[in-house]
Amino acid sequence: MSLNDILQDFMRKLSGPAYIEDLFTDEFVQAHTNATSIKDLLGREGIVDQTTFDKWVKSDADAFCQDNTDFASYGTMENAAAKELLNVRKQRSNNGEAITKPPVDQNPFSLISIEVNYVAK
């Protein structure tokens, strides 16, 4: 097995489900938008739970991201956030911590789950 195969396998293990607020941290959102949090940003679109989020991703996400973020599409924004999340998960894994932590806030927005599929470039 080559080093590249080992790294790809490790990235696949670190990819997977994440809560929206894990993927789009406040720091990430503040660096790339004029919002303070992902809840603040997506609240502008009326996103309050998994159903409204899934519908938004399929219809309006790219246009919204072009107008309200540093990214040309939702996929580009998600990939950038996933790259940062991958680093956090590596750090947690190295420290023996849980890779995905359940949200502290149990409201429907905080429970939105995203499948993280980081694409290395």
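Two residues are in contact when they have heavy atoms within 4.5 Å. In this predicted model, residues 24 or more positions apart account for 65% of the contacts in the chain with a separation of 6 or more. Residues are numbered from 1 along each chain as its sequence is written. Because the model is predicted, local features need pLDDT of at least 70 and side-chain atom pairs count only at pLDDT 80 or more, while totals for chains, interfaces and linings use all residues; side-chain values use heavy atoms, with hydrogens and water left out.

The chain has 7 helices and 2 strands, in the order α-β-α-α-α-α-α-α-β. Helices (H or I, at least four residues) and strands (E, at least two) are DSSP runs, numbered from the N terminus. Of the 121 residues, 36% are buried. Buried means under 20% relative accessible area, exposed over 50%, and partly exposed in between, with a 1.4 Å probe and protein chains only.

Helix α6 covers residues 61-68, and Ala-61, Phe-64 and Cys-65 are buried in it. Seen down the axis of α6, these buried residues fall within an arc of 100°, so they line one face of the helix. The arc is taken from the directions from the helix axis to the C-beta atoms. On the face turned away from the buried side, α6 carries the exposed residues Gln-66 and Asp-67.

What does α6 meet in α5? Trp-56, Val-57 and Ser-59 of α5 meet Ala-61, Phe-64 and Cys-65 of α6. The residues of this contact divide into 5 nonpolar, 1 polar and no charged. Here Ala, Val, Leu, Ile, Met, Phe, Trp, Tyr, Cys and Pro count as nonpolar, Asp, Glu, Lys and Arg as charged, and the others, Gly among them, as polar.
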